[in-house]
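This report describes one protein chain for a reader who has not seen it before. Please look over the sequence and the structure first.

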Amino acid sequence: MASPREDLPMEEEEHRPPLTRALLHRSATNNTSQVAMVGSNPCPIESLDYEMIENDLFDQNWRTRAKADQVRYVVLKWTFCFAIGILTSIVGFVINLAVENVAGFKHAAVSALMESSSSYWTSFWLFAGSNLVLLLFASSITAFVSPAAGGSGIPEVKAYLNGVDAPNIFSLRTLAVKIVGNIAAVSSSLHVGKAGPMVHTGACIAAIFGQGGSRKYGLTCRWLRYFKNDRDRRDLVTIGAGAGVAAAFRAPVGGVLFALESLSSWWRSALIWRSFFTTAVVAVILRLFIELCGTGRCGMFGQGGLIMYDVSTMFDDLMTYHLKDIPTVILIGVTGALLGGLYNFLMMKVLRVYNMINERGGVHKLLLAATVSILTSCCVFGLPWLAPCRPCPTTGLPSSPNGTCHALNRFRQFHCPPGHYNDLASLFLNINDDAIRNLYSTGTNDVYHPGSMITFFVASYTLGVLSYGVVAPSGLFVPIILTGATYGRLVAMLLGGHSGLDHGLVAILGSASFLGGTLRMTVSVCVIILELTNNLLLLPLVMLVLLISKTVADSFNSSIYDLILLLKGLPHLDGHAEPYMRQLTVGDVVAGPLRSFNGVEKVGNIMHTLRTTGHHAFPVVDEPPFSPASVLYGLVLRAHLLVLLKKREFLTAPERYPKEYVARRFQAEDFDKRGSGKQDTIGDVELSPEEMDMYLDLHPFTNTSPYTVVETMSLAKALVLFREVGLRHLLVVPKACDRSPVVGILTRHDFMPEHILGLHPVLLGSRWKRLRWQKGAVAKYFRSLLVWLANSG
């Protein structure tokens, strides 16, 4: 796994000597690994290739495509978008329906037991035991069935859309475990959410459509072969991820913007159009399900389901604000940034400890899950005993016909007498969605005690940090919204009469600021908040608080998803080039030795090279008599070589194939990219000694127009080309013509800071840094401030 990057103190940057070419000495080895944490297990990873291959075989394939083939391709893309929207919305509804009923039944049983017999210990053991069973079930199927389903899945989706593939991240088994495991984990009262797993779920559904069918199960069609390439699969996964957000929050526009702002590395207008169509389908289908459940056919899933914190229908006069409230909004934004930066810092520390525990095996994973479950149950059931009983409110929340205040699971009686409620139990002993509705409700300024808010905030903040690393499908989005809403109400309580804002409104702003401080997203979070609350009056305040929280939090660390990407070792290429890359050329980092093939190569040489290397592409160099001089013909892929070896269309002499022979014996479909994580291996090829002495003509199967850069190009410029085009291999050619026609090949790992700084350790002092507070800088600032104050006195 790639080692994490750490910023150096500012003093080292100030005293760094000028860099000269003579100082660029290369280290002996490259320690960059191609293994990363995927879900909860370390897995081998490889890059995706979005480059268009141009050679005789594929050119002939495109020329033979009729107008009908092009129409089918376009129709299939829109059909897939429609199907992805329908399936993602169904899965989102099923997850919400299951969580509401499982968790609702558990809470109802505990409440009934407490009200009937006053046997509180029996109620606790029922509550804690059911939580433990649910979480151990979720952890067991994740650890032993599909480890790739662990966590939220957003870092893996983001890495995939950046060009990093890993085994089983979008398999059917991962999809099933993600759905069932997330239902069990959220229902177990663990402080996790459904939004992140829904993003991964939508991406899985879309990726399955992009597999081009299944030969194993006879689910294949000639039309589906159009999608057997990384480019179309990338687009489908992007669309599916946006649909997952739309299904999680009923936020179709927010889903499109989330995929654009947070996940995708490549975007174009046609993709926005199809993604918007898919999320619109999700919104319509979810609306149909809500109307169906409004008749009471969905058990405990009814008016409160499918996350919609509608605050626009009641007390519209309470949603107003004035210019004098801007300082309060600024305070909330700064507070959210500080809390978000600390949250990310603590999360990384906890995840490193959890990774060390999980690496010891499945038993330790279950023990960790059991420990966190018991701790959570003790907090959730024990802390409400610290809160006093309060009379049921007469405004702000709907009441049931019998006069109590427990309609829609808003309030919990817990140990209180009839007509009273426990405000802490109303937050702890509800699913997160209902707790957020409570906090967002307007006209409820006197419903919660300040002490209860402090207790719930500390517990929610702590449990959010401790819960995410458990081996189970779990998300961060909803717990962050809940924690932010809690501290938003707390700020409103502390300000008292100094702020005229309603506490429910301040809770919404608190959620926005904490989301900006942790996730570091602005546009998509703003739209999602507006779609969740169904109130456009909040737009200016939400925009302001998000801009402040993100700007301040960026001074401390990166977003939580970027930090998790780094911790997992996923080689994500950022959109910017660090300044030290401009001081290097591609020739300074290209690694050897280079393996290449002749245009007509001996089969034995190909077999030996494939067995002794793990490279996925090889330059093809023509030598006399096939060219007057040594010249680079192109690049041939390892996967294509394996197909050629399996077909055994060998030559007895070193000569080229007749043109008609290639068109007759080979088809472009033979070289289609297999599904994600699936690939042939050289161990599958068995050849006789006679075949090893025969030859293969590589010319018809070689990409004759690979992207190339001259060896004197700056590494920063090459990075921009590599990332923007979506390459897997970038050929480096010499400046002079009297050398070998190719110097080497650049891959994704050659642009990783760990690799570059391993080759050139002298650059450690010149690494790019964000404007962030460092411990040395803070101490230096306060020393200077104290000296200035002393001199002024």
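Helices (H or I, at least four residues) and strands (E, at least two) are DSSP runs, numbered from the N terminus. The model is predicted: local features need pLDDT of at least 70, side-chain atom pairs count only at pLDDT 80 or more, and totals for chains, interfaces and linings use all residues. Residues are numbered from 1 along each chain as its sequence is written, and side-chain values use heavy atoms, with hydrogens and water left out.

**The chain as a whole**

The chain has 28 helices and 14 strands. Buried means under 20% relative accessible area, exposed over 50%, and partly exposed in between (1.4 Å probe, protein chains only). Accessible areas come from the Shrake-Rupley method with a 1.4 Å probe, and for residues only the protein chains shown count as cover. The chain exposes about 32,800 Å², of which carbon and sulfur atoms supply 62%. A contact means heavy atoms within 4.5 Å. Among contacts in the chain with a separation of 6 or more, 81% join residues 24 or more positions apart.

**Two crossing helices**

Axes are lines fitted to C-alpha atoms, for helices over the stretch in contact, and angles run from 0 to 180 degrees between N-to-C directions. The axes of helix α5 (residues 154-162) and helix α9 (residues 252-263) come within 10 Å and cross at roughly 75°. Angles under 35 degrees count as roughly parallel, over 145 as roughly antiparallel, 65 to 115 as roughly perpendicular and the rest as oblique. The two helices α5 and α9 are therefore roughly perpendicular to each other. On the α5 side the contact involves Ile154, Val157, Lys158 and Leu161, which meet Phe258, Ser262 and Leu263 of α9. By class, the contact of α5 with α9 has five nonpolar, one polar and one charged residues. Here Ala, Val, Leu, Ile, Met, Phe, Trp, Tyr, Cys and Pro count as nonpolar, Asp, Glu, Lys and Arg as charged, and the others, Gly among them, as polar.

Helix α9 also holds Glu261. Beyond residues up to four places away in sequence, Glu261 touches Met521, Thr522, Val523 and Ser524. The C-alpha atoms of Glu261 and Ser524 are separated by 6.9 Å, although the two are 263 residues apart along the chain.

**Two open sheets**

Two strands pair if DSSP finds at least two bridges between them. Strands β7 and β9 run parallel and are joined by two bridges. Asn598 stands opposite Val621 in β9.

Strand β13 (residues 730-733) pairs with β14 in the antiparallel sense over three bridges. The bridge partner of Val732 in β14 is Gly744.

**Around helix α22**

In helix α22 (residues 603-612), the buried residues are Val603, Gly604, Ile606, Met607, Thr609 and Leu610. They pack against β7 (597-598), β8 (600-602), β9 (617-622), α23 (638-647), α25 (689-692) and β11 (695-697).

The loop between α23 and α24 (659-665) contains Pro654. Pro654 touches Val600, Phe626 and Tyr695, leaving aside residues up to four places away in sequence. From C-alpha to C-alpha, Pro654 is 7.8 Å from Leu696, and the two are 42 residues apart in sequence.

**Backbone exceptions and accessibility**

Most residues other than glycine have a negative phi, and most peptide bonds are trans. Phe414, in the loop between β5 (389-391) and β6 (420-422), has a positive phi of about 55° although it is not a glycine. Arg648, in the loop between α23 and α24, is likewise not a glycine and has a positive phi of about 60°. The peptide bond from Pro624 to Pro625 is cis, with omega near 15°. Pro625 lies in the loop between β9 and β10 (631-637).

The table gives the accessibility of some residues named above.

| Residue | Relative accessible area | Class |
|---|---|---|
| Glu261 | 32% | partly exposed |
| Phe414 | 7% | buried |
| Arg648 | 37% | partly exposed |
| Pro654 | 47% | partly exposed |
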